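Hello,

Here is the structure I said I would pass on. My notes follow below it.

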Amino acid sequence: VDDSVAEDMARFEETFKGISRRFRLINRIGEGTFSTVYKAEDLNYHHYQNEWDVDEKSNMKWSSPPTKRQAAQKKHKARFVAIKKIYVTSSPIRILNELELLHDLRDSESVCPLITAFRHQDQVIAVLPYFQHRDFREYFREMTISDIRLYFQSLTTALRSVHEQGILHRDIKPTNFLYEPLHARGVLVDFGLAEREETDWHQCACGYDPQDRRARIENSVHSNSFAAATNAVPSYPKVDNRPSRRANRAGTRGFRAPEVLLKCTQQTTAIDMWSAGVILLTFLSQRFPFFHSADDIDALLELTNIFGKKRMRETSLLHGQVFETNIPSYSENGHGFEKIILWCTNRSGRDSSGRRVASLSPEEQEAVEFMERCLECDPARRITAEEALKHPFVASAV
Ligand code: ADP
Ligand code: MG
């Protein structure tokens, strides 16, 4: 632990009265936009352990595995914990939202459970079991297709349990899915941006109604057109007095689904499946981050490069937006993922007759097929977490 971290921990112990009676801080393990996370030892642990030992013994006597409830209880008793110190600048509503959702998800598979939370004056801390994991950047290039299958089995299991509760995570990305390749297990963390899916399926302002695709498309054709993405002045309306649309755009650049970029006001759990698809693209292309956009318009243009102008026009229309670009290099139909992956992994060489030398292995092709189901531009057609677990790419993980 270097001096500045030791100093920071000492300050935390000093200002958060009483914390050292229960926890011994070990290290600082994360510093994000909304919080600082410390690894600590729960000094009450030995008390819990005895309690659990009794249970465990009785289980052995009956020679049956622990019940779901017992397993869940054990999950909440950890010797090493992660203490998430939420920045005091976060709004109380935001903090409450995160803690409430974590509480609702306490027994969900592959979701890091909340052990408890404390407040001292304006400071709130959340206590989670510490989960041993490796930094994504260290292992993403080394993963074989079989390893990637296991990663997605774990990630989609987590997403299914979150989505089952009608919750959108909104910020699926490698730093929020703590994965240990050695055990092929991961847990989902960081519900700071998560929200409950809207339950009344009235048609939203942008014409997106997940239950009626046809009505939605017709409606969007007749609705006001918004210029969604344009490269330069010529096609952009100079005088535009329509009110600007407000929609939740929370999340991380590069992982946002098209409907988030297009400000759809009725976003569903499908946005998380898109982000999972971007993670898979990262593995297959061995590029992290894959998308580098500076803003949402840039991000739409990056997608145009891949999916082509035609698909982007159709996607924009779903949300009542008109997509136009005058950048000549974008093709009408985009580039296939096979070409992109071969190019990114330096396998795009051609022989003297201009034929491509390398092609994707059958395993990679299966991965691409699954990825295309996640990176489906229309959220209504995108694969769900439940379906993903049955997809051959994920279901055959061993
Ligand atoms: P933020 O909202 O600031 O992004 P996170 O909840 O994502 O906060 O936590 C930030 C980082 O702290 C994570 O990326 C991870 O490295 C570490 N971390 C969070 N929770 C745990 C945990 N339960 N076990 C181990 N490390 C954790
Ligand atoms: Mg995070």
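A residue is called buried here if 20 or more other C-beta atoms lie within 10 Å of its own, exposed if there are 12 or fewer, and partly exposed in between. Isoleucine 125 has 22 other C-beta atoms within 10 Å, so this residue is buried. Please keep in mind that this is a predicted model.

Overall picture

The chain has 398 residues, of which 34% count as buried. Its secondary structure comprises 15 helices and 11 strands. Among the contacts with a separation of 6 or more, 67% are between residues 24 or more positions apart.

Confidence

The model scores are ipTM 0.99 and pTM 0.87. Mean pLDDT over the chain is 86, with 82% of the residues at 70 or more. In residues 52-63 the pLDDT is below 50, and this stretch has five contacts in the model beyond near neighbours in sequence. The pLDDT is also below 50 over residues 210-236, a stretch with 55 contacts beyond near neighbours in sequence. I have nothing further to say about either stretch.

Ligand

Which residues are closest to ligand 1? They are Gly30, Gly32, Val37, Ala82 and Asp190, in a shell of 19 residues. Strands β1 (23-31), β2 (35-42) and β3 (80-86) are the elements that give two or more residues to this shell. By class, the shell is made up of 10 nonpolar, seven polar and two charged residues.

Strands β4 (residues 116-120) and β5 (residues 123-129) run antiparallel and are joined by five bridges. Alanine 117 in this pairing is opposite alanine 126 of β5. Two residues lie between the strands of the hairpin, and glutamine 121 has a positive phi near 50°.

Leaving out residues up to four places away in sequence, isoleucine 125 touches Phe16, Ile83, Lys84, Lys85, Ala117 and Phe118. From isoleucine 125 to isoleucine 86 the C-alpha to C-alpha distance is 6.0 Å, although 39 residues separate them in sequence.

In soluble globular proteins, nonpolar side chains tend to be buried together. Here the largest nonpolar core has 82 residues, and those touching the most other members are Ile83, Leu280, Met371 and Cys374. Helix α10 (residues 270-285) supplies the largest share of this core, 11 residues. Not counting residues up to four places away in sequence, leucine 280 touches Phe152, Ala367, Met371 and Cys374.

Helix α12 (residues 337-344) has Phe337, Ile340, Ile341 and Leu342 buried. The buried residues of α12 pack against α10, α11 (296-318) and α13 (362-374). After α12 comes asparagine 346, with a positive phi near 55°.

Backbone exceptions

Most residues other than glycine have a negative phi, and most peptide bonds are trans.

Serine 161

Serine 161 is part of helix α7 (residues 145-164). Beyond its neighbours within four places in sequence, serine 161 is in contact with Ser108, Glu109, Ser110 and Val111. It has 18 C-beta neighbours inside 10 Å and therefore counts as partly exposed. Between serine 161 and asparagine 326, which are 165 residues apart along the chain, the C-alpha separation is 43 Å.

Regards

Methods:
Residues numbered from 1 in each chain as written. Chains lettered and ligands numbered in written order. Predicted model: local features only at pLDDT ≥ 70, side-chain atom pairs only at ≥ 80, totals over all residues. Pairing = 2+ DSSP bridges. Helix = DSSP H or I, 4+ residues; strand = E, 2+ residues; numbered from the N terminus. Near = placed C-beta within 6 Å. Nonpolar A, V, L, I, M, F, W, Y, C, P; charged D, E, K, R; others polar. Core = buried A, V, L, I, M, F, W, Y, C linked by C-beta atoms within 7 Å. Contact = placed C-beta atoms within 7 Å. pLDDT = per-residue confidence, 0-100.
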